[in-house]
Amino acid sequence: MKISVIHFSGSGHTKKMAEAVLSGVKRAENCQSSLIEIQGTDISNGRWKNDAVLAELDASDAIIFGSPTYMGSVAAQMKAFMDATGERYFSQAWKDKVASAFTVSGGPSGDKSNSLITFATFAMQQGMIWVGLGMTAINDDETNRLGFYFGAGGQALMEPPDEAPNNADKKTGELLGYRVAQITNKLTS
């Protein structure tokens, strides 16, 4: 099975969360994984285009999406990517692939739910199978301390810079990656 984690990261915080999600995916047996970062250079005149990335996602059994939450939604770069998948929507090329998401913003909430719901709606339109976090917000290790269920949420504190997101939020991302891998393994076996 193959799982791809695709994300955009404006200042590096979401990339740290993506790396944590990927480490959870890698814990699963018989799993190939890839970390894909959306690049601004792939956007020209407001349109995203990168056929190699789309081919890699086409070959994946699961796709985990990640974006910072900017102004209450996913970053424009991520939205440009999503809009560029119209051909896959019409052909239902991603139908029955597993999907999930994560996001990071400066505030504890920061309207991260809207970003996660945006990803879930996108995945449903693509015919994908959505996987949420699958845990409560009451955990001794502070995982899911921000209380999101559609996916993993992290907080990007500016001070100190190494706390962006903190270890509990990265652990939440890791648990999401592992859960997606476990469910994908069950569905593809």
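Analyst: Rings of Phe, Tyr and Trp (its six-membered ring) pair if their centres lie within 6.5 Å; planes under 30 degrees apart count as stacked, over 60 as edge-to-face and the rest as tilted. This is a predicted model, where local features need pLDDT of at least 70 and side-chain atom pairs count only at pLDDT 80 or more, while totals for chains, interfaces and linings use all residues. Residues are numbered from 1 along each chain as its sequence is written, and side-chain values use heavy atoms, with hydrogens and water left out.

User: OK, how many aromatic pairs does a search of the whole structure find?

Analyst: The search gives six aromatic pairs. In one of them, W48 and F81, the ring centres are 5.1 Å apart and the planes stand at 90°, so this pair is edge-to-face.

User: Where do W48 and F81 lie?

Analyst: W48 is in strand β4 (residues 47-48) and F81 is in helix α3 (residues 76-83), so the pair ties together parts that are 33 residues apart in sequence. Helices (H or I, at least four residues) and strands (E, at least two) are DSSP runs, numbered from the N terminus.

User: Is W48 buried or exposed? And F81, buried or exposed?

Analyst: W48 is buried, at 5% relative accessible area, and F81 is buried at 0%. Buried means under 20% relative accessible area, exposed over 50%, and partly exposed in between (1.4 Å probe, protein chains only).

User: What about F65 and F119, how are their rings arranged?

Analyst: Their centres are 5.8 Å apart with the planes at 10°, so F65 and F119 are stacked. F65 belongs to strand β5 (residues 62-70) and F119 to helix α5 (residues 112-125), so this pair ties together parts 54 residues apart in sequence. F65 is buried, with 0% relative accessible area, and F119 is also buried at 0%.

User: Which residues form the aromatic cluster?

Analyst: One cluster is made up of W48, F65, F81, W94, F119 and F122.

User: Changing topic. What lies over the face of Y178?

Analyst: R27 does, at 4.1 Å from the ring centre. A charge sits over a ring if NZ of Lys or CZ of Arg is within 6 Å of the ring centre and within 35 degrees of the ring normal.

User: Now salt bridges. What's the rule, and what does the count come to?

Analyst: A salt bridge is a side-chain nitrogen of Lys or Arg within 4 Å of a carboxyl oxygen of Asp or Glu. By that rule there are seven. Among them is the one between E37 and K15, at 3.6 Å from N to O. E37 lies in strand β2 (residues 32-37) and K15 in helix α1 (residues 13-26), so the bridge ties together parts 22 residues apart in sequence. E37 is partly exposed at 26%, and K15 is partly exposed at 33%.

User: And D58, which residue does its side chain meet?

Analyst: D58 meets R88 in a salt bridge of 2.9 Å, N to O. D58 lies in helix α2 (residues 51-58) and R88 in helix α4, so the pair ties together parts 30 residues apart in sequence. D58 is partly exposed at 31%, whereas R88 is buried at 12%.

User: Last one: where is Q92, and what is it in contact with?

Analyst: Q92 is in the loop between α4 (86-91) and β7 (98-105). Leaving aside neighbours within four places in sequence, Q92 is in contact (heavy atoms within 4.5 Å) with Q125, Q126 and G127. Q92 and G127 are 35 residues apart in sequence and 6.5 Å apart in space, C-alpha to C-alpha.
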